[in-house]
Amino acid sequence: MIGKNLITFGEVDSTNNYIKLNADKLSHGTIVTAVRQKHGRGRGKRSWESEDGNLYFSFILKNRIRYEDIFSVLINTSVSVVQVLQRLGIHSKIKYPNDILFDFKKICGILIETCGNNKIESIVVGVGINVNQVDFAALNQKATSIKQINNSSYNVDEIIQTFIEIYNINELTATEDMFTLYKEFSYVIGKQIRYNNVAYLISDIDKNGDLVLLNEGDVTRISLNEISLEELYNETNN
């Protein structure tokens, strides 16, 4: 379960960084949230623009700390965000491995990191949801927010409480059922991409998190660290 302990900052370097620096002191499921982050990060060390009015939070998991648990944590987090948005009338999709899209635009990003030297001692999950931001400057064609979609402002505290509720319910749901939901919400399954200059169809996602690619009967599996799928943003077809 997450959310029993909630730490809130007006401003912090990044919520993930705070948890990683204080992992030994924080109990399982502790959530750290901030009004803004000075150095928010996304996957691949990309910066995450942290404007006021959005939701930025991270939580620490100490009860599920095996390497093979990481993808199931990503599944639970991604599906939970999609279900939070569903409650607001927004039907979004999961763009493998860690983005949530609406109408081909990013509305949420997820960053999962681990703590520990010789073994994984904890998993840190960072979530950034665009809630009330309406101007993304150079990223206007790639990003959107709840307010842009519904033309209404939202209380970020209520949204994080909804996430906590849904996440904890999903934690008690069978892994197979969560994986089925993850694939149902997938934006990438059935898409055509190029990998190593070869055209492939994304036919499936394995339970270990690998993408299954098909090319004229040839099956290729690639891990989430081997591809960015940037080409799937801002599609005008499909």
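Which residue of strand 10 is the bridge partner of Ile202? In strand 10, Leu213 takes that place.

This is a predicted model, in which local features need pLDDT of at least 70, side-chain atom pairs count only at pLDDT 80 or more, and totals for chains, interfaces and linings use all residues. Residues are numbered from 1 along each chain as its sequence is written, and side-chain values use heavy atoms, with hydrogens and water left out.

Let's start with the sheet. Strands and helices here are DSSP runs numbered from the N terminus (strands: E, at least two residues; helices: H or I, at least four), and two strands pair if DSSP finds at least two bridges between them. Four strands make up an open sheet, ordered 8-9-10-11, with antiparallel pairing. Strand 8 (192-195) and strand 11 (218-222) are its edges, each pairing on one side only. From one strand to the next, the twist averages 45°. Strand 9 (residues 198-205) and strand 10 (residues 211-215) are joined in the antiparallel sense by four bridges.

Now to the helices. The axes of helix 2 (residues 70-87) and helix 4 (residues 156-171) come within 9 Å and cross at roughly 130°; axes are lines fitted to C-alpha atoms, for helices over the stretch in contact, and angles run from 0 to 180 degrees between N-to-C directions. The two helices are therefore oblique to each other (under 35 degrees is roughly parallel, over 145 roughly antiparallel, 65 to 115 roughly perpendicular, the rest oblique). The table lists the residues in contact (heavy atoms within 4.5 Å).

| Helix | Contact residues |
|---|---|
| Helix 2 | Val73, Asn76, Thr77, Val79, Ser80, Val81, Gln83, Val84 and Arg87 |
| Helix 4 | Ile159, Thr162, Phe163, Glu165, Ile166, Tyr167, Asn170 and Glu171 |
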